[in-house]
Amino acid sequence: MNGQAPQHHAARVEAAIASGQAARSALVASWRRSSRLHHLDPSGRGLPKRLTEVELRAARERIAPLLAAAQGAMDRLYQAVGAAGCCVLLADGEGVPVDRRGTTADDATFQSWGLWTGALWSEEYEGTNGIGTCVVEQRPLTIDRDQHFFTRNTLLSCTAVPIYDHEAAFAGVLDVSSCRADRTDAFSSLIALAAGEAAKRIEADLFRRAFAHARIVLTPAADGQCGGLVAVDADDLVIGATRSARVGLGIGLGIAPGRPLRPVPAADLLGGDVAHDHLAGGQRAVLQRALLRAGGNVSAAAKALGVSRATLHRKLKRFELNH
């Protein structure tokens with residue numbers, strides 16, 4: 001605990017809360033939630049609470065797609081950080097680790113700290129910590145040693161990254177934790193970078209699995225890096241987009257995270273030559289895009305396509321398109 005006596009850490013936490021720093025500091029705001037909202041005592045000594053085996057099994061079943069998509073990325077992340085005394089945890093949206101990677105020799109230590117599957121790491125139970133605070137703030141963060149709320153957790157250093165599902169909804173947390181005293185700031189930065197990349201791989205795998213029958217298109221970001229993924233169906237309609245793609249493409253078209261994306265013509269969203277949208281080829285897709293652009297108005301769609309309303313009605317009936 002960086003040499004501080006337990007009572008000193010608790011006093012420091014309480015003093016920071018009382019000083020009103022919560023308005024300026026995300027850390028102190030978390031300490032305040034822990035104390036005032038969840039009525040926790042920073043000097044509390046009880047070990048983290050845990051789910052029963054039945055409850056843990058149910059928690060794993062609820063996020064089965066995420067668990068399946070995370071396996072490879074967790075393995076690679078652990079290979080990168082495991083030798084340095086770190087464990088890798090995948091937590092659900094409630095802050096409960098449901099999968100982990102760790103060195104067998106360190107298992108007893110991590111289990112005693114509660115860095116284990118089934119432990120309750122939400123702020124409600126553990127106060128400020130990597131997993132729980134990431135669940136609340138839904139942003140990448142590191143809670144290092146005495147930044148934790150509980151005195152008993154101040155030997156831990158935890159880096160956490162949020163994971164979003166195929167509909168851009170918050171799904172869980174990827175966490176790298178260590179209780180080694182020699183963890184440096186430089187190494188912590190490398191861990192944060194590696195965890196962030198692993199989270200992106202998990203999101204991409206989750207997205208590809210959800211849209212297995214669609215064409216997946218990479219979207220550019222402002223910095224030239226991959227901005228996200230969109231799923232395009234056989235009719236050239238965008239039917240899905242990752243959170244980063246929605247942000248990058250400005251898909252604020254009434255589509256809140258966690259909701260299915262309203263189909264949008266790919267050419268409208270991603271650019272490209274739409275002048276070839278004529279009835280000579282790919283007619284069903286062309287008709288569907290024209291209707292979408294016209295907001296379902298058949299007369300407007302017919303005008304855009306250069307055909308009569310009656311002709312368009314016949315085409316819609318032929319291709320069994322509702323309007």
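Me: Which residues have the most contacts inside the largest nonpolar core, and what makes a core a core?

Reply: Leu66, Leu90, Leu174 and Val176 have the most contacts inside this core of 26 residues. The term covers buried Ala, Val, Leu, Ile, Met, Phe, Trp, Tyr and Cys residues joined through side-chain atoms within 4.5 Å. Keep in mind that this is a predicted model, where local features need pLDDT of at least 70, side-chain atom pairs count only at pLDDT 80 or more, and totals for chains, interfaces and linings use all residues. Residues are numbered from 1 along each chain as its sequence is written, and side-chain values use heavy atoms, leaving out hydrogens and water.

Me: What is leucine 66 in contact with, beyond its neighbours within four places in sequence?

Reply: Leucine 66 touches Leu90, Ile163, Ala171, Gly172, Ile202 and Leu206, where contact means heavy atoms within 4.5 Å.

Me: Why is α4 called roughly antiparallel to α8?

Reply: Helix α4 (residues 64–81) and helix α8 (residues 185–210) pack at about 155 degrees, with axes 8 Å apart. Angles over 145 degrees count as roughly antiparallel (under 35 is roughly parallel, 65 to 115 roughly perpendicular, the rest oblique), so α4 is roughly antiparallel to α8. Among the residues making the contact are Leu66, Ala69 and Ala73 of α4, and Ala194, Ala198 and Ile202 of α8.

Me: What makes histidine 39 exposed?

Reply: Its relative accessibility is 66%, and exposed means over 50% (buried is under 20%, partly exposed in between; 1.4 Å probe, protein chains only). So histidine 39 counts as exposed. It sits in the loop between α2 (26–37) and α3, with a positive phi of about 55 degrees although it is not a glycine.

Me: And why is aspartate 236 called partly exposed?

Reply: Because its relative accessible area is 31%. Aspartate 236 lies in the loop between β7 (226–232) and β8 (237–241); its phi is positive too, about 60 degrees.

Notes:
Axes fitted to C-alpha atoms, helices over the stretch in contact; angles between N-to-C directions. Helix = DSSP H or I, 4+ residues; strand = E, 2+ residues; numbered from the N terminus.
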